[in-house]
Amino acid sequence: MKILLVSWEYPPVVIGGLGRHVHHLATELAAAGHDVVVLSRRPTGTDPATHPTTDETVEGVRVIAAAEDPHEFTFGTDMMAWTLAMGHAMIRAGIALADWRPDVVHAHDWLVAHPAVTLAQFFDVPLVSTVHATEAGRHSGWVSGPVSRQVHALESWLVRESDSLITCSASMREEITTLFGPELPEITVIRNGIDTHGWPFAPRRNRTGPAELLYFGRLEYEKGVHDAIAALPRIRRTHPGTTLTIAGDGTQLDFLEARARQHKVMKSTKFVGRVDHRELLRLLHRADVAVLPSHYEPFGIVALEAAAAGTPLVTSTAGGLGEAVIDGETGLSYPPSDVAALATAVRAVLDAPQAAAQRAQAARQRLTNEFAWATVAAETTQVYLAAKRGERTPQPRRPIVERPLPDR
């Protein structure tokens, strides 16, 4: 098939897990023999005169990175204007593909709704959309404020203009059905994959000093890092000297530092910022426990990365984490926001390192069986084929209702 993937991030422009996801999917689809084009963008803040649109083939994938034109908007202060400008630039670059007609357009999240919908209509081909997260989910089920309402409206428009939808977890499927359904296109759950070759497994070394905990990921409120900080004093009562390393950046750094001071664990909490892959592997191989305390998590690719490296897992059951980790078999889980349960789970890992090592082995084995990118690509191809056989049936819009999601 000829496949056009549309994403606002693709290497070398990588903001979070979405960019890595699209990269792995694209290269795996190309390796399977498909003709794959990725439409993305040049880095933020670049001048289109000095950084024009590029068109090159990398790892068997044709990558078109649209120039940022106009480039005066900034994401942080002009998010909607910036997104519309990016979409316009991507549409211009996509229309220039008139000599190459895709069989399907695959959109990744609301930021590319305009170019994806437009190009699917321009080429008169099916539109498949992967919903990686929702604005309501990121804000505990609420849609409030003009920007959030605009994002929510774009999400609603995209899913209704799509011929097929993909989510990375069953909980995410339920979430978008609650928010936008039930009269939606067919929704297929395809879990994220992981390339285990980039995450070498390392058994835990015998600990001679205090225990070390690790959180890695974005520093945003929904990630629940403040719960890990709040649990640290309880853990240190039974395991003196335990430290917590926090690797990542985000908008909540000042808040998290204040929480560490509030709980009197500032000296035992290490904020190391965003780290490169080599340093992250070193931290994972050194840690006794990877703690992932999310309040909201569509999937939780970081859990797979920690499992691949052999780090024992303690995770909340929020969203996709409850599916990525099997409690008692591949890690230990606890209810989101329950600080006492989080501390209990961490202490259980530290008290029984042999059992933790067995769960880590089981987690790594499960990755190679169930989370291979070849499997993800094959399942995605089946969605493309099914969409190709159908007809475009956009659904009517529904009014935005400000209400929380039901408890999950």
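How much space lies in the second largest pocket? About 390 Å³ of space lies in the second largest pocket, where a volume is the space filled by probe spheres set on grid points joined across faces, edges and corners. The model is predicted, so local features need pLDDT of at least 70 and side-chain atom pairs count only at pLDDT 80 or more, while totals for chains, interfaces and linings use all residues. Residues are numbered from 1 along each chain as its sequence is written, and side-chain values use heavy atoms, with hydrogens and water left out.

**Second largest pocket**

- A pocket is an open set of points on a 1 Å grid over the protein atoms alone, where a 1.4 Å probe fits, with protein on both sides within 12 Å along at least five of seven lines; lining residues have an atom within 4 Å of a point.
- The lining comprises 19 residues, and Arg204, Arg205, Arg207, Asp288 and Pro353 are those nearest the centre of the pocket.
- At least two lining residues come from each of helix 12 (339-351) and helix 13 (353-370), and helix 13 gives the most, with six residues.

- Helices (H or I, at least four residues) and strands (E, at least two) are DSSP runs numbered from the N terminus, and two strands pair if DSSP finds at least two bridges between them.
- Eight strands form an open sheet with mixed pairing, in the order 3-4-2-1-5-6-7-8.
- Strand 3 (54-58) and strand 8 (186-189) are the edge strands; each has a single partner strand, so one side of each is left without a neighbour in the sheet.
- From one strand to the next, the twist averages 20 degrees; axes are lines fitted to C-alpha atoms, for helices over the stretch in contact, and angles run from 0 to 180 degrees between N-to-C directions.
- Strand 1 runs parallel to strand 2, to which five bridges join it; Lys2 has Asp35 as its bridge partner in strand 2, and Val6 has Leu39.
- Four bridges join strand 1 to strand 5, also in parallel, and Leu4 has Val105 as its bridge partner in strand 5.
- Four of the five residues of strand 1 are buried, so the strand is largely enclosed by the rest of the structure; buried means under 20% relative accessible area, exposed over 50% and partly exposed in between, with a 1.4 Å probe and protein chains only.

- The buried residues of helix 3 (113-123) are Ala113, Pro115, Ala116, Val117, Leu119, Ala120 and Phe123.
- Their cover includes strand 1, strand 2, helix 2 (79-95), strand 5, strand 6 and helix 5 (146-161), where contact means heavy atoms within 4.5 Å.
- Helix 6 (170-180) lies across strand 7 and strand 8, at about 160 degrees to strand 8.
- Helix 14 (373-389) lies across strand 1, strand 5, strand 6, strand 7 and strand 8, at about 165 degrees to strand 7.

- Six strands in the order 11-10-9-12-13-14 form an open sheet with parallel pairing.
- Strand 11 (269-273) and strand 14 (332-334) stand at the edges with a single partner strand each, so one side of each is left without a neighbour in the sheet.
- Strand 12 (289-292) and strand 13 (313-316) run parallel and are joined by three bridges, with Ala290 opposite Leu313.
- Helix 7 (225-238) lies across strand 9, strand 10, strand 11 and strand 12, at about 165 degrees to strand 10.
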